[in-house]
Amino acid sequence: MAPTITDNCEFECATVESTTTSTTISGDFDHFDNSSIGGNGSSDNIEQSNELHLSEQQDQDVQEEQKQQQMPWEAPGKQGLYDPQNEHEACGVGFIVAIDGKRSHKILRDAQTLSERMNHRGACACDNDTGDGAGVLASIPHGLYFKALAKQDVTLPELGDYATGIFYLDEAQHAAAEKEFDELAKSLGLEVIAWRTVPANQSAIGVVARKSEPLSRQVFVPSKRASHELIKPGRRFYICSLSDRTVVYKGLFTSDQLWDYYTDLKDPEFETYMALVHTRFSTNTFPSWERAHPLRVLAHNGEINTLRGNVNLMKAREGVMQSDLFGDQLKKLYPVVEPNLSDSGSFDCVLEFITMASDRSLPESVMTMVPEAWQNDKTMPQEKRDFYQWAACVMEPWDGPALISFTDGRYIGAVLDRNGLRPSRFYVTKENVLVMASEVGVYDVDPSQVTLKSRLKPGRMLLVDTKEQKLIQDIELKAKIAKSRPHSEWLQQKITLDEIRNANVLNTPPVDELAKLPASQRGIFDPRLSLFGYTTETVNMLLIPMFKNKKEALGSMGNDAPLACLSNFQPTPYEYFKQLFAQVTNPPIDPFREKVVMSMQCPLGPEANLLQPSAQQVHRIWLTNPILSIPDTQLLKRNTHRGWRTKVLDITFQYNEGVQGYLDAIDRVCREGYAAAQAGYQLLVISDRGAGTGGKVAVSALLALGALHHHLIETLQAHEAFELAQALRDDGVIGPEVNDKQIYAAYAQAIDTGIAKVMAKMGISTLQSYKSAQIFEAVGLGTDLVAKCFRGTQSRIGGVTLEILAKEGLERYQLTYGKTTPDARILRNPGQYHWRHGGEAHINEPSSIGSLQEAAVNKNLDAFEAFKKTTLDSVKKCALRGQLEFVTDRQSIDISEVEAASEIVKRFATGAMSFGSISLEAHQTLSITMNRIGGKSNTGEGGEDSDRYLNQDPNHSRRSAIKQVASGRFGVTASYLANADDLQIKMAQGAKPGEGGELPGYKVTKDIAKTRKSVPGVGLISPPPHHDIYSIEDLAELIYDLKCSNPNARISVKLVSEVGVGVVASGVAKGKAEHIVISGHDGGTGASSWTGIKNAGLPWELGVAETHQVLVLNNLRSR
């Protein structure tokens, strides 16, 4: 493993052998899974300050899961830091259809051409001969099946009078599974006509695919229930499809192996009027036969970013759904989303369900799940806009970059996500054939035979109705669906805040005594600020700029403060969470330049029955943004308009009840909330307004909210901001001309912008989809706490318990209201943002920097020892790596076996910093130094002047060995690329992953402009990397291009640590990268909002560990 550098860690993907240095974990981290890091837990040398935040826990479920025997066809389960939930995929997809529904074998052969020419969109496993998956969905070839069954003395009924599908079973247990399926069919009044073994050519597939090859058996007859009821541990049972119109052939192939493996597909009797093909690139190299596409009704290229929220909300709807078609039998179709499916599999389940169980057509179901960006589109017809707003009250969008091709045998079509972040082109020929694919060049047609050539645009749909024998364009299709019901009329049932305000104009609000504090306790002296974790830094550096400038304040130079789980200053629960972000498999969005696709609008209140479209579904409060003012919150608390009722749940308790009182309060809130929901209350409001009075302390609103899954939150931690602003106006900090409404508007706008940036990092466009999607990872929260309050959120190292958070909440109360000195009543400043003596530790603290300068300038070894000691001490107080200890009970290695220092330093590399972020002199000095010792310096994304790498004195070379290529392509020329030892693709920035970089115009000097091939004084923007990297295939293409530009260079990809980065890295390795760098959340020079710098990304220690484990698990470290 290459050396650790300031903010990231790097390693080769092509190492033949991988050796693990065994380390022990100190008692603070006993809850680590030792198998994932190596060594045994040790309880020595526990620091008292850290013991408070890191407790011993084990995830029993995971351990049990690991103990179970893995079946040959199953992908590895959760182990170490690998979690199969983090799988991603990106693919090639296309279809060909005879618009008039005329069957022919030529359609299938043309589909084969489509599929084979998209081979580059798929990927291979470590054997280089097993694809990630390929398949074809076609109409049922009745003639072929009629002849095949005739050989078994079985007469097949007429087409349309039977259903068929291919099942994946295992040789040992297929007879028992088939027998149980026969019995299930009989219980539904159906008789299985026949079973048939699908003929296959085993020699056509790779070694890895052969190991998990299923027995493919085809049944002729029904019922989704089978996939729920016949699955048993240790038994292989998977239904590729079961339909009276279509059949799916798929598996673990490359796209050309598919056509050789299934001999049915070569038979001239296989006639079809449409064929939908797919080739898969799974960034995780544990693809399976089952996860290949097409699925039952769709083939998908892209990613659903909001999956967890979509699945959770679909589960919640099961309690209120009713179907005229299925009646009491509906519950037998639950769960709607089967467990352990990919995002595509989950989408497929829901799309199939709402189409079959309600009176929606397939295209309408797709419109509901993947709506256009209608909220800000002024040109959209009102009827279509009203349909989309009605649909938004029914279901939140399944949001993310996606090209979804779908068919039920009658309709075949495709839809593009609202951002248009996946390519799709189509032709219509004079033969009345439509061809759609995710790229051009996959189908040869004489231009003179083309009657229509176009591409799918953002949010638009392409549809062929083979029954009506016509191509239906987006405008016609959606106008028809929008007019199919009186959506505009139904929308009049929608409730708005203005309507509630007008209805309650005579309903005088009660006087809020809590807001009338004495002058000595107003503004910065309000004791409740301390109670809720505010500091002078959060007030001065975050809140005041929001009130004044309507946006978040900027910071820079990374974050070197301790993680919340290592803090000595009672961090609030919010501080344990880190924002996730898109990289490689999925592009971020630019929330400013692509604002048109983003929306903060959101419906509030209980949902009606999803399966019966009606006006009842819009009987919800429609909010234009998620921030409520104090008057509006008070209004909602007492609102009775149109029969609505609100239950206020008090989340405070008496201080003298201690830790147990805190725990009991959360349980009480859950009980009261459930009782209120049962009693028919439409809104639940959790309130901590009573905190600080009468000896009361509040439970964290975040914990109460998480435990309750409530709809609306009213918490002092937001109210304090408003009341503080009012007091600061009185003190002259904010201009006296600013009224309360302007304060609210400024704060709401700043928060809206902040939320939009967080959503955009993950590629999510709408607040409605972001709600419940759990786009965070916790660092340092215990398993039991996460299970109770944040179920489904990743928290990989375990950590604090609910009891510890309760204890810290009580400590904040004691600090605020206890018998303390007058000095202690001043709002404290623990130095979370800037170092302060006696405050939070920082890795870069003044004494260590002073010692380093002394050591460097005067070659003072004592000063260097002081620097080393203070730095290691700071790392122990701030970072995960500081909690590790070396094993000391092993025999020492003879010094003669250790490499010379002069050889070790050749693997040193500097951090990637462009000149502009540091001076040209500093940048060149680093290059000269690294060249002299044989190491490598990095240009950063700002390019490098040709005079630095041409005709250089070997002893004074200013050439950087590593040259970066970022989305801005600053200074990237053929000469620049040719003069590199490493070419590094920068996918994300450590200081602000998911965001772009920006150099203000006043910083763009003549030297910088010359190097970056731009104009002095003009600002430079390096956008979030989606303008060139839409998906994993695009990255693979860039890697190929860079390799062509410099065949001798090693291609490196820089990623940022987050949960699932190992899975992304395995896809990057399959894309032919030779080197991967994992950057941490703490590094980077770039400017960003403070909330981004402090709360995005994860420690590089977790990213490196996960990446190494997943690469080894995939056998990609020995490739």
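Visitor: Is Arg485 buried or exposed?
Guide: Arg485 is buried, because its relative accessible area is 14%. Buried means under 20% relative accessible area, exposed over 50%, and partly exposed in between, with a 1.4 Å probe and protein chains only.

Visitor: What kind of model are we looking at?
Guide: The model is predicted; local features need pLDDT of at least 70, side-chain atom pairs count only at pLDDT 80 or more, and totals for chains, interfaces and linings use all residues. Residues are numbered from 1 along each chain as its sequence is written, and side-chain values use heavy atoms, with hydrogens and water left out.

Visitor: Back to Arg485, then. Which side chain meets Arg485 at 2.8 Å?
Guide: The side chain of Glu364 does, in a salt bridge with an N to O distance of 2.8 Å. A salt bridge here is a side-chain nitrogen of Lys or Arg within 4 Å of a carboxyl oxygen of Asp or Glu.

Visitor: Where do Arg485 and Glu364 sit in the fold?
Guide: Arg485 lies in the loop between H14 and H15 and Glu364 in helix H12, so the pair ties together parts that are 121 residues apart in sequence. Glu364 is buried, because its relative accessible area is 4%. Helices (H or I, at least four residues) and strands (E, at least two) are DSSP runs, numbered from the N terminus.

Visitor: And what does Asp359 do with Arg485?
Guide: The side chains of Asp359 and Arg485 form a salt bridge at 3.9 Å, N to O. Asp359 is in the loop between helix H11 (343–357) and helix H12 (362–369), and Arg485 is in the loop between helix H14 (474–482) and helix H15 (487–490), so this pair links parts 126 residues apart in sequence. Asp359 counts as exposed, because its relative accessibility is 57%.

Visitor: How many salt bridges are found in the whole structure?
Guide: The search finds 44 salt bridges. One of them joins the side chains of Arg317 and Glu607, with 2.7 Å from N to O. Arg317 belongs to helix H10 (residues 307–317) and Glu607 to the loop between strand E22 (602–604) and strand E23 (621–623), so parts 290 residues apart in sequence are tied together.

Visitor: Which residues make up a salt-bridge network?
Guide: Glu372, Lys384, Arg460, Asp474 and Lys478 are linked in a network of salt bridges.

Visitor: Change of topic: which residues form a nonpolar patch on the surface?
Guide: Ile893, Ile895, Val898, Ile904, Phe908 and Ile933 form one, with about 540 Å² of accessible area together. Patches are made of residues with over 30% relative accessible area and no salt bridge, joined within 9 Å for like charges and within 5 Å for nonpolar side chains (Val, Leu, Ile, Met, Phe, Trp, Tyr). Ile904 lies in helix H29 (residues 901–904) and is partly exposed, because its relative accessible area is 32%.

Visitor: Finally, what are the totals for the chain?
Guide: The chain has 36 helices and 37 strands. Of its 1119 residues, 58% count as buried. It exposes about 45800 Å², of which carbon and sulfur atoms supply 52%; accessible areas come from the Shrake-Rupley method with a 1.4 Å probe, and for residues only the protein chains shown count as cover.
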